[in-house]
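Q: I would like a close look at a single part of this model, followed by an account of its surroundings. Please keep to what can be read from the structure itself.

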Amino acid sequence: MRVGIAEDVSLLREGISAILAGAGHEILWAVSDADQLRARFSEAASAAAEPDVVVIDVRMPPGNMDDGLRAAVEIRAAHPGVGILVLSQYLGNEYARELLNTAPSSRGGTGYLLKERVGYLDEFLTSVDTVARGGVVIDSKVISHLMALPQKNTPLASLTVREMEVLRLVATGLTNAQIEQELFLSSPTVEKHVGSIFTKLGLHTDSGNRRVLAVLHYLGP
Amino acid sequence: MALWVTVVCMRALAGTIDVVKSDDPFAALRVPPWRFLFTVWPWSSIFYLVCGVVLAFPTVFTIIVFPLLPGWAWALSKIERHRVRSLRLPVIPEPAGARLDWSRSGIGLWLRTPRTWREITNTVLLPIFALVSSPLLLVGLTFLGALFASPIMSALGNPFRIGDWQADDTGSLILLIAIGILLLIAFGYVCALLSGAQAIVTRVLLSDRRSALKRQLGLLADTNVSLIDAFELERQRIERDLHDGPQQHLAGAVMLLGMGKKELEDIHARTGVELQGPLNRVRSAQEQISHSLDTLRSAVTGLRPRVLTELGLVPALEELGKTAPLWVQVTSNLKQRMPAAVEASLYSVATEFLANTIKHAAATKVLINVEKTESGIRYALCDDGTGGADASAGTGLLGIQHRVSLLRGTTLLTSPLSGSTRLEISIPAPAHNGYDA
């Protein structure tokens with residue numbers, strides 16, 4: 001697949017390029033700040049010239065704040081087909097939520113990984129694939145950070161322990177088949193759990209991408 | 001020579017220009033002697049004393065014709081409040097609401113206020129100061145005048161003489177002028193000292209103490225707010241340094257180790273060489289670094305929530321609510337970010353409130369409302385607990401009050417026994433707040 005990279009630290013930028021290229025992906029461009037990132041998208045003449053996935057660092061020049069995320073939100077709105085994988089040093093879920101909130105039903109996948117995850121090559125490459133396929137991946141550390149928080153009066157409270165477990169795996173980007181393997185469950189059981197999660201969260205077939213919406217619920221109000 | 005003259009002229013000019021309004025009546029005494037004559041200080045001090053002597057005449061007259069004294073004291077005080085301006089001191093503010101009305105009760109009231117007697121004291125002190133300064137001025141100015149006039153007088157055939165010695169040649173004339181300059185400097189300092197002392201007495205007697213205290217308090221609050229701002233900036237700087245330095249490098253190291261591991265695996269697959277040992281080592285190194293990144297992250301979050309820095313108060317409060325073991329609802333009409341110090345203070349007020357609620361109130365729910373109003377920011381926190389919070393007990397609530405008062409805000413705590421606790425805070429808009437947003 002075709003990948004774009006936006007990362008200001010050159011070591012990481014080149015490393016990510018090398019890892020993705022080594023896995024047989026085509027690196028369209030690798031830029032070092034949010035303005036260049038926007039420019040690449042405004043330059044692209046057609047959807048064919050756009051990458052399938054962009055890997056974006058949250059904190060980048062020019063502002064060295066959450067410039068990368070701001071650019072990602074804009075790209076999500078203007079190019080809903082592009083998968084966006086955001087890298088961050090930050091454990092909170094605000095960034096992931098903001099990105100998912102922008103266009104919950106867009107075709108492009110969404111990922112939120114801690115930066116060091118890049119060094120676990122297999123996991124990282126799987127995440128890139130998932131995002132390229134339109135899935136959602138949230139870093140498992142971010143998820144366990146969330147799990148450590150007390151559950152309160154949200155629709156989530158009505159989920160059973162098993163259903164929470166399944167939803168957690170959905171959030172980390174696993175497909176139903178992978179969840180079956182992970183939890184040693186049969187295919188109908190997993191489907192039943194997923195269906196029950198959707199029902200309890202009030203997500204109907206016409207709500208759009210229900211997996212994304214379920215994860216959005218999972219990430220908070 | 002020409003250069004020297006230019007330099008002296010430039011310095012003289014600079015000396016007269018760089019006189020700034022200060023609050024220090026003895027500012028003149030801090031000027032070094034070689035610059036003293038090029039500043040306005042000697043001249044303004046002499047002028048101040050001369051005015052004092054002139055004003056002493058009618059004052060002595062009214063002291064003798066006693067019934068005129070209160071009226072003159074009133075008028076003189078008005079002059080005195082402005083006279084200190086000649087010493088580059090700010091005008092002494094007049095106490096508010098002190099208009100003299102000429103009815104019988106008005107005069108009676110006027111005579112009973114301490115202000116009147118302070119003004120009369122100041123008026124009586126004026127001739128005493130004049131008594132000291134008039135001989136000084138008389139002798140000093142005459143003697144200095146004679147010294148500086150000596151070349152002219154010598155040319156007119158009436159040279160300066162002390163006993164048998166008389167200054168008729170150029171050498172002794174230059175000597176006289178030099179002595180004159182040194183004496184003028186000394187005379188200037190004495191005048192500055194005397195006028196400074198008089199200005200202090202005038203200021204103590206005529207100023208409105210309350211407004212002076214208020215001004216000082218305002219200054220103090222400004223200092224404190226800039227102190228919080230400085231702390232805030234420092235925290236942000238540390239957080240940024242950790243992010244841009246160690247965190248990036250460690251993430252890079254994890255990545256490089258991951259790439260190395262992949263290369264080792266490839267070698268193993270190609271050649272069949274046993275590499276399990278090195279692979280395990282690389283994997284544990286990765287784990288170690290990941291672990292230190294986790295530690296670093298939690299330290300950074302403790303410093304200052306990233307969300308607060310980047311997304312602002314409301315998202316930060318929402319996140320805070322999520323980490324709390326009770327249901328927190330945040331409502332707000334804020335559309336813009338607030339100054340960093342305000343955001344940080346309001347955020348820490350919320351953490352304090354939540355901590356108190358969790359510890360004491362057995363509450364299940366907290367409502368937080370941030371509202372921007374015409375006059376500033378209204379911040380209300382409310383729980384459904386058992387109440388009974390006492391603002392004077394424990395440091396937590398005192399800490400809240402302190403933080404809010406540093407922003408010149410007000411705190412209102414209502415916490416009836418077995419009722420909900422409600423904390424309301426109003427912070428004036430930045431324009432009334434002493435610092436820029």
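In which sense do strand E1 (residues 2-6) of chain A and E2(A) pair, and over how many bridges?

A: The model is a predicted one. In it, strand E1 of chain A, residues 2-6, is paired with E2(A) in the parallel sense, and five bridges connect the two. Within this pairing, A:Ile5 lies opposite A:Ala30 of E2(A).

The pair belongs to an open sheet of six strands in chain A, which follow one another in the order E2-E1-E3-E4-E5-E6 with parallel pairing. The edges are held by strand E2 (26-31) and strand E6 (136-138) of chain A; each has a single partner strand, so one side of each lacks a neighbour in the sheet. On average, neighbouring strands of this sheet are turned by 15 degrees against each other, direction ignored. Strands of a sheet pair through backbone hydrogen bonds, in either a parallel or an antiparallel arrangement.

Two helices of chain A pack on this sheet. Helix H3 (residues 67-78) of chain A touches strand E3 (53-57), strand E4 (83-88) and E5 of chain A, and its direction makes about 170 degrees with that of E4(A). Helix H4 (residues 94-102) of chain A packs on the sheet as well, touching E4, E5 and E6 of chain A, and the direction of H4 makes about 170 degrees with that of E5(A).

E1(A) also pairs with E3(A), in the parallel sense and over four bridges. Here A:Ala6 has A:Ile56 of E3(A) as its bridge partner. E3(A) in turn pairs with E4(A), again in the parallel sense, over five bridges, and A:Val55 stands opposite A:Leu85 in E4(A). E3(A) is mostly covered, with five of its five residues buried. Both of its faces are covered: A:Val53, A:Val55 and A:Asp57 are buried on one side, and A:Val54 and A:Ile56 are buried on the other.

Is A:Glu116 buried or exposed? With a relative accessible area of 1%, A:Glu116 is buried, because the cut-off for that class is under 20%. The side chain of A:Glu116 makes a polar contact of 2.6 Å with the side chain of B:Arg297. Leaving aside residues up to four places away in sequence, A:Glu116 touches A:Gln89 and A:Lys141 in chain A, and B:Ala251, B:Val254, B:Ser290, B:Leu293, B:Asp294 and B:Arg297 in chain B.

Elsewhere in chain A, the axes of helix H7 (residues 161-171) and helix H10 (residues 210-218) come within 9 Å and cross at roughly 110 degrees. H7(A) is therefore roughly perpendicular to H10(A). Their crossing is left-handed. H7(A) contributes A:Met164, A:Leu167, A:Arg168, A:Val170 and A:Ala171 to the contact, while H10(A) contributes A:Arg211, A:Ala214, A:Val215 and A:Tyr218.

Taken as a whole, chain A has ten helices and six strands. Its length is 221 residues, of which 54% count as buried. Among contacts in chain A between residues at least 6 apart in sequence, 70% join residues at least 24 apart.

Chain B, which supplies the arginine partner of A:Glu116, has 13 helices and seven strands. Of its 437 residues, 41% are buried. For contacts in chain B with a separation of 6 or more, residues 24 or more positions apart account for 71%.

The axes of helix H3 (residues 41-64) and helix H4 (residues 69-83) of chain B come within 10 Å and cross at roughly 170 degrees. H3(B) is therefore roughly antiparallel to H4(B). Residues of H3(B) in this contact include B:Tyr48, B:Cys51, B:Leu55 and B:Ile63, and those of H4(B) include B:Leu69, B:Trp72, B:Leu76 and B:Arg83.

A further residue of chain B, B:Thr170, is found in helix H7 (residues 170-206) of that chain. B:Thr170 counts as exposed, because its relative accessibility of 58% is over 50%. The C-alpha atom of B:Thr170 is separated by 9.9 Å from that of B:Ser154, and the two residues are 16 residues apart along the chain.

Conventions:
Residues are numbered from 1 along each chain as its sequence is written. Chains are lettered from A and ligands numbered from 1 in the order in which they are written. This is a predicted model: local features need pLDDT of at least 70, side-chain atom pairs count only at pLDDT 80 or more; totals for chains, interfaces and linings use all residues. Side-chain values use heavy atoms; hydrogens and water are left out. Buried means under 20% relative accessible area, exposed over 50%, partly exposed in between (1.4 Å probe, protein chains only). A polar contact is a pair of N or O atoms within 3.5 Å; within protein, one must be able to donate a hydrogen and the other to accept it, and residues adjacent in sequence count only if both atoms are side-chain atoms. Contact means heavy atoms within 4.5 Å. Two strands pair if DSSP finds at least two bridges between them. Axes are lines fitted to C-alpha atoms, for helices over the stretch in contact, and angles run from 0 to 180 degrees between N-to-C directions. Angles under 35 degrees count as roughly parallel, over 145 as roughly antiparallel, 65 to 115 as roughly perpendicular and the rest as oblique. A crossing is left-handed if the near helix is turned anticlockwise from the far one by less than a right angle, and right-handed if clockwise.
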